[in-house]
Amino acid sequence: MADNEAEPKAGGGLIKKLAIFGGGGILLIAIGLGVGYLVFGSAQPDPSEEIEEIIERKMQEREEAEAAADNSTDPTKQSKDTPVEEVFETIYHEFPGTFTTNLAGSRKMLQLGIGVSTQYDDTVMMNVEAHQLALRSIILGVISDFTEENVKGAAGREGLAAALRDAINAKLEALEGFGGVEEVHFTSFVLQ
């Protein structure tokens with residue numbers, strides 16, 4: 001009889017072991033899920049929200065900097081608007097060679113390189129080219145009317161250029177009905 005009381009029932013122990021191992025396994029799975037939820041399941045910050053916060057912060061800093069600049073008493077540099085004016089193209093023509101002639105009442109000679117300019121169309125320069133022979137004669141005649149004293153200095157040269165311009169335009173008007181030469185330029189000027 002004593003043997004029967006000391007031996008536990010074989011079927012009851014197995015059920016307890018299965019219950020302990022099964023319950024322990026379920027408990028471990030539940031703990032793992034809980035830890036996993038805490039680590040990975042919590043709300044992650046959205047990167048777009050962080051970017052928006054950075055943009056808002058930078059914009060706020062810029063506005064503060066602009067406000068500080070507006071309140072400063074230092075003068076700020078400003079630029080003027082470029083005036084819009086109608087500008088015409090200038091066309092140039094240089095007579096080939098030089099013009100050499102004696103000056104009036106002098107033994108000295110004046111040698112000039114001459115060019116003309118206009119802001120009219122190409123017709124003026126085509127007329128100058130077409131009547132170059134007549135214009136060379138007119139130019140030599142005008143130069144020979146000037147004295148040595150008339151061509152000295154900047155004022156003398158400007159006076160000679162104006163006289164040449166008027167004479168060239170008068171000849172072109174006589175030949176073509178329109179002058180159009182606006183300036184006479186000296187490309188060389190030698191008084192000897």
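Which residue takes a positive phi in the hairpin of β2 and β3? In this hairpin, which has six residues between the strands, Gly105 takes a positive phi near 65°. The structure is a predicted model, in which local features need pLDDT of at least 70 and side-chain atom pairs count only at pLDDT 80 or more, whereas totals for chains, interfaces and linings use all residues. Residues are numbered from 1 along each chain as its sequence is written, and side-chain values use heavy atoms, with hydrogens and water left out.

Helices (H or I, at least four residues) and strands (E, at least two) are DSSP runs, numbered from the N terminus. Strands pair if DSSP finds at least two bridges between them. Strand β3 is joined to β1 by four bridges in an antiparallel arrangement, with Tyr92 opposite Ser117. Strand β2 (residues 99-102) also pairs with β3 in the antiparallel sense over four bridges, Thr100 having Gln111 as its bridge partner. Eight bridges join β3 to the antiparallel strand β4 (residues 183-191), where Glu183 stands opposite Ser117. Eight of the 10 residues of β3 are buried, so this strand is largely enclosed by the rest of the structure. Buried denotes under 20% relative accessible area, exposed over 50%, and partly exposed in between (1.4 Å probe, protein chains only).

In helix α4 (residues 122-130), the buried residues are Val124, Met125, Asn127 and Val128. These cover an arc of only 155° around the axis, which puts them on the same side of α4; the arc is that of the directions from the helix axis to the C-beta atoms. The face turned away from this buried side carries the exposed residues Met126 and Ala130.
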